[in-house]
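I opened the notebook to look up a few things in this model.

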Amino acid sequence: MTITITAFESSPDGGRGLARDMRVRWALEEVGRPYAVRLVSFKEMKEPSHLALHPFGQIPTYEEDDLVLFETGAIVFHIAQHNKGLLPEDGNGRARAIAWMFSALNTVEPPIVEREQSRFIVGDKRWYGELLPILEDRVRVRLDQLADRLGDVQWLDGAFSAADLIMVLVLRRLERSGLLEEYPNLCAYIARGEARPAYKRAFEAQLAVANHDRGAKDAKRQ
């Protein structure tokens with residue numbers, strides 16, 4: 001059973017590990033499943049062949065035999081359900097981990113993305129300087145709550161799980177914002193995730209694509 005995922009041919013993050021295929025790469029590395037990557041351009045993402053896999057024309061997608069999935073939460077959940085290592089064995093622990101997965105995507109990530117995207121959408125407006133602190137305070141509300149709940153434990157609920165995988169990558173979207181530095185325990189939490197061998201393999205694989213893309217662009221300029 002060959003697993004194939006899609007990823008940006010030319011990622012906007014420049015290989016920083018922020019593109020959402022990173023979540024799927026990391027999950028597959030954690031459970032030891034080999035996978036192939038099909039790179040797609042922004043133009044190809046809007047073509048019928050890709051829209052048949054992802055109706056909203058985004059990445060990543062996941063193909064395994066006759067199964068096609070989109071949305072990283074659903075993909076990581078599928079991987080975790082069918083492979084050992086990303087969800088607890090006991091029923092209650094499993095349910096709590098799934099709840100944390102949903103909270104990372106539905107509660108913590110939205111204000112982070114709203115702040116991030118505001119610069120591109122209304123960053124040129126004269127009132128943007130007044131808006132940004134409001135958006136950052138909305139992010140802080142969630143970070144305050146998460147930091148209080150995490151405390152000084154290593155992971156969200158017992159052993160490392162798919163919930164931590166997603167939460168770490170959601171929080172990494174705030175790198176270079178200055179906000180994370182206000183929460184030492186969240187910074188330490190992210191660092192623990194980044195120290196995992198599976199994370200490092202996934203990051204290097206995504207970075208290799210970005211480096212190849214940069215090399216190809218440099219070659220065209222010469």
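How many bridges join strand 1 to strand 3, and do these strands run parallel or antiparallel? I looked this up in what is a predicted model. Three bridges join the two strands, and they run antiparallel.

**Entry 1**

A reminder to myself: strands of a sheet pair through backbone hydrogen bonds, either parallel or antiparallel.

Isoleucine 5 stands opposite tyrosine 62, which is in strand 3.

**Entry 1: strands 3 and 4**

I moved on to strand 3 (residues 61-64) and strand 4. Four bridges join them, and they run antiparallel. Which residue of strand 4 is the bridge partner of glutamate 64? I found leucine 67 there. Glutamate 63 stands opposite valine 68, also in strand 4.

The two strands form a hairpin, with two residues between them. I checked the turn. Aspartate 65 lies in the loop between strand 3 and strand 4. This aspartate has a positive phi of about 55°, although it is not a glycine.

Isoleucine 59 and proline 60 are joined by a cis peptide bond, with omega at about 0°. I placed proline 60 in the loop between helix 3 (48-51) and strand 3.

**Entry 2: helices on the sheet**

**Entry 3: helix 6 against helix 8**

I looked at one helix pair. Helix 6 (residues 128-150) and helix 8 (residues 184-194) pack at an angle of about 75°. Their axes are 9 Å apart. That angle makes helix 6 roughly perpendicular to helix 8.

I wrote down both sides of the contact. Helix 6 brings Leu143, Leu146, Ala147 and Leu150. Helix 8 meets them with Asn185, Leu186 and Tyr189. By class, the contact has six nonpolar residues, one polar and no charged.

**Entry 4: the largest pocket**

I turned to open space. The largest pocket holds about 970 Å³. I found 35 residues in its lining. Which of them lie nearest its centre? They are Leu18, Arg20, Glu116, Gln117 and Arg173.

I sorted the lining by element. Helix 2 (42-45), helix 4, helix 5 (91-122) and helix 6 each give two or more residues. Helix 5 gives the largest share, eight residues. I sorted by class as well: 15 nonpolar, seven polar and 13 charged.

**Entry 5: the cavities**

How many cavities of 30 Å³ or more does a search of the whole structure find? I counted two.

The largest cavity has a volume of about 70 Å³. I noted its lining as Ala7, Phe8, Glu9, Ser10, Ser11, Asp13, Gly15, Asp21, Arg25, Gln206, Val209 and Ala210. Strand 1 (3-8), helix 1 (21-31) and helix 9 (197-221) are the elements giving two or more residues. The largest share, three residues, comes from helix 9.

Gly17, Leu18, Ala19, Met22, Arg23 and Leu169 line it. I sorted these into four nonpolar, one polar and one charged.

Conventions: Residues are numbered from 1 along each chain as its sequence is written. This is a predicted model: local features need pLDDT of at least 70, side-chain atom pairs count only at pLDDT 80 or more; totals for chains, interfaces and linings use all residues. Side-chain values use heavy atoms; hydrogens and water are left out. On a 1 Å grid over the protein atoms alone, a cavity is a set of points where a 1.4 Å probe fits but cannot get out, and a pocket is an open set with protein on both sides within 12 Å along at least five of seven lines; lining residues have an atom within 4 Å of a point. Grid points are joined across faces, edges and corners, and a volume is the space filled by probe spheres set on the points. Ala, Val, Leu, Ile, Met, Phe, Trp, Tyr, Cys and Pro count as nonpolar, Asp, Glu, Lys and Arg as charged, and the others, Gly among them, as polar. Axes are lines fitted to C-alpha atoms, for helices over the stretch in contact, and angles run from 0 to 180 degrees between N-to-C directions. Angles under 35 degrees count as roughly parallel, over 145 as roughly antiparallel, 65 to 115 as roughly perpendicular and the rest as oblique. Contact means heavy atoms within 4.5 Å. Two strands pair if DSSP finds at least two bridges between them.
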